[in-house]
Amino acid sequence: MCQLLGMNCNVPTDIVFSFTGFALRGGRTDTHHDGWGIAFFEGAGVRLFVDHLPAIESPVAELIKRYPIKSKNVIAHIRKATQGHVALENCHPFVRELWGRYWVFAHNGDLKDFHPVLDGAFRPVGTTDSERAFCHLLQELRRRFGDARPELPDLRAAMDELVPAIAAHGTFNMMLSDGSCLFAHCSTKLHYIVRQYPFPSAKLCDEDVTVDFSQVTTPNDRVAVIVTEPLTTNEVWHSFAPGELKLFVDGAPV
């Protein structure tokens, strides 16, 4: 299956260190070679980079490793196709507008017999079950709340109902963000870590790279990293429980 990477912070932060290790799983240290993508929120805007090439072969992935884009919410994905052919339109993350905000979504898993009726406001461009699930999720949120974005507790309550209904069709590890928060749901496997003062050094699992976060942060910074498989060897990662939906705001689960 695919792999997911998310970052939620209280201050704009770059994801170069985490993405460096993550991208190696796109064909070198793992078999996820059917495309990749990453989305960064910057204010009201989103920078989206996707490529149907494996992450280890993609010049765009090399750009991301070398260009420290700073963001408070990031979602990345490396693909091992289960539904939909290898093509740019089937690469995650997917982006849509709802309530005057961009929403970014990525999915790891396989949904069986999942063919929701979509009313036209949100429709897939590609042929993946993932994009269908994203369109369905936004459609149902709009149906519940109309044209106004709800308060976060109401949004969380709606997600608590909608996500399990989709997950009932199969494996639904996913991440969703509108730039103000990040939702992460685990069907089978997902881990997270919160880095805050005093910041440690960290060593990647997939490459011999170490960074001392105390040299590139302030005592007020807080960063949550969510990923399918832990990225570092010398930090304590927390496992999601199967079926668990977490909401991250300002670098911490709430």
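**Entry 1. Strand pairing**

In which sense do strand 7 and strand 8 pair, and over how many bridges? I found that strand 7 (residues 173-177) and strand 8 (residues 182-185) pair in the antiparallel sense over four bridges. Helices (H or I, at least four residues) and strands (E, at least two) are DSSP runs, numbered from the N terminus. Two strands are taken as paired if DSSP finds at least two bridges between them. Within this pair, Met 174 stands opposite His 185 of strand 8.

**Entry 2. Basis of the model**

I note that this is a predicted model, in which local features need pLDDT of at least 70 and side-chain atom pairs count only at pLDDT 80 or more, whereas totals for chains, interfaces and linings use all residues. Residues are numbered from 1 along each chain as its sequence is written, and side-chain values use heavy atoms, with hydrogens and water left out.

I looked up the confidence, pLDDT being the predictor's confidence in each residue, from 0 to 100. The chain has a mean pLDDT of 88, and 90% of its residues reach 70 or more. Over residues 26-30 the pLDDT is below 50, and this stretch has 15 contacts in the model beyond near neighbours in sequence. A contact means heavy atoms within 4.5 Å.

**Entry 3. The chain as a whole**

I recorded four helices and 15 strands. Of the 254 residues, 53% are buried; buried means under 20% relative accessible area, exposed over 50%, and partly exposed in between (1.4 Å probe, protein chains only). Among contacts with a separation of 6 or more, 71% join residues 24 or more positions apart.

I traced an open sheet of six strands in the order 5-6-7-8-14-15, with antiparallel pairing. Strand 5 (94-98) and strand 15 (252-253) stand at the edges with a single partner strand each, so one side of each is left without a neighbour in the sheet.

I then looked up the helices on this sheet. Helix 3 packs on the sheet and touches strand 5, strand 6 (101-108) and strand 7, and its direction makes about 15° with that of strand 5. Helix 4 also packs on the sheet, touching strand 6, strand 7, strand 8 and strand 14 (245-249), and its direction makes about 145° with that of strand 14. For these angles, axes are lines fitted to C-alpha atoms, for helices over the stretch in contact, and angles run from 0 to 180 degrees between N-to-C directions.

**Entry 4. Salt bridges**

I searched for salt bridges (a side-chain nitrogen of Lys or Arg within 4 Å of a carboxyl oxygen of Asp or Glu). The whole structure holds 16 of them.

Arg 144 and Glu 161 meet in a salt bridge at 2.9 Å, N to O. Arg 144 lies in helix 3 (residues 129-145) and Glu 161 in helix 4 (residues 152-167), so the pair ties together parts that are 17 residues apart in sequence. Arg 144 is partly exposed, at 40% relative accessible area.

Asp 14 forms a salt bridge with Lys 70, with the closest N and O atoms 3.9 Å apart. Because Asp 14 lies in strand 1 (residues 3-14) and Lys 70 in strand 4 (residues 70-78), the pair ties together parts that are 56 residues apart in sequence. Asp 14 is partly exposed at 28% relative accessibility, as is Lys 70 at 48%.
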